[in-house]
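Hi everyone, thanks for coming. I'd like to walk you through one structure today, so please have a look at it with me.

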Amino acid sequence: MGWTGLIYAIGETYRLSFDAVKCSVRKIASKGLPAMGNLIKVLGKDLENCPHFFLDFENAQPTEAETAVWNQVSAVLEEAHGILAELQSYNGAGQEIREAIQNPNDLQLQEKAWNAVCPLVAKLKRFYEFSLRLENALRSLLEALTSPPYAPMQHLEREQALAKQFAEILHFTLSFDELKMTNPAIQNDFSYYRRTISRNRLNNQQLEAENEVNNEMANRMSLFYAEATPMLKTLSNATTKFVSENKTLPIEDTTDCLSTMACVCRVMLETPEYRCRFTNTDTMLFCMRVMVGVIILYDHVHPVGAFAKTSKIDMKGCIKVLKEQPSNSVEGLLNALRYTTRHLNDDSTSKQIRALLQ
């Protein structure tokens, strides 16, 4: 049997397309093509470890079984676009704050700065409150996508509308955190707000804004915005909490859900037959962003992380897929892997992977 016949035969065995099998053969061959018998063993292991199916990020619709969770999560995600638009247009009150600080005895400038900051703090409060709703939405999805009797791969293939929502949460999370990291005005505005509140308390004055953002809320918001990647931290904590509260559910069921999603995204990006099914030009970037998001989440939640040899995520393959794209579209994603993961600099991370991310 020739190579073409072998690929067709393996495709029939694993119910995969010719292109999907050919992609795996190419990956294995890049390390040195083994004898045909050994190739079948290696390839079989590769196909079993990494699911090959198309996850329809563009058109997946909920089945009857998915509808209840889908509706709950959809109500949260409807707000996500507006939150990102507000954050993108967030300019801060830097000028007003500087003038007030430079002229501490000018009451008019103090009032001007305060009036500029208060609506911005109200906006920051909405962002923070949205993170709590997003946390609940993630929990509902994790419950649905890890529940017995199905394995994570079966869940993702059967419940594609929920998998798509999970992907949308990750896409929003990375987008929000990228915008937050590049906008120092957020923390500057909030710090000024808290200093002003404290100063007025010392003078036995209470401002109206305290009714909206009281001291307890301000403390929680302060912890949230102190994080470099606050939304990712929210998802990471929510996932860890989900695992600890569901003691009958092995942690592997949750981490396997994440590693399977990463693998599915990588395979779709690697396989021309899958890529050509994307009708929207933004879907490629969406898929890459989701892949990076689940890698980071896996690295925060899994005891040894995503970069260890025992990790179920093919980190080399994922990084290579990113590096094959135009650098201006993926540099932010590569930076997210470099600077927001937890285990990249562990001794267990191979030199090859570190070199790929340099």
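Let me start with a question: which side chain meets Arg139 in a salt bridge? The partner is Glu245, with N and O 3.0 Å apart. By salt bridge I mean a side-chain nitrogen of Lys or Arg within 4 Å of a carboxyl oxygen of Asp or Glu. Arg139 sits in helix H6 and Glu245 in helix H11, 106 residues apart, and the pair links distant parts of the chain.

Some housekeeping before I go on. This is a predicted model, where local features need pLDDT of at least 70 and side-chain atom pairs count only at pLDDT 80 or more, while totals for chains, interfaces and linings use all residues. Residues are numbered from 1 along each chain as its sequence is written, and side-chain values use heavy atoms, with hydrogens and water left out. Helices are DSSP runs (H or I, at least four residues), numbered from the N terminus.

Back to our pair. Arg139 counts as partly exposed because its relative accessibility is 26%, and Glu245 is partly exposed too, at 44%. The scale here is relative accessible area: buried is under 20%, exposed is over 50%, and partly exposed lies in between (1.4 Å probe, protein chains only).

Now for a second pair, Arg289 and Glu178, whose side chains also form a salt bridge, at 3.0 Å from N to O. Arg289 is buried, at 10% relative accessibility, whereas Glu178 is partly exposed at 29%. As for shared partners, salt bridges join Arg139, Glu143 and Glu245 into one network.

What about a pair within one helix? Lys125 bridges to Glu129, with the closest N and O atoms 3.8 Å apart. They are four residues apart in helix H6, so about one helical turn separates them. Lys125 is buried at 15%, and Glu129 is partly exposed at 26%. Across the whole structure, a search finds 13 salt bridges.

Let's finish with helix H11.

Conventions. Helix = DSSP H or I, 4+ residues; strand = E, 2+ residues; numbered from the N terminus.
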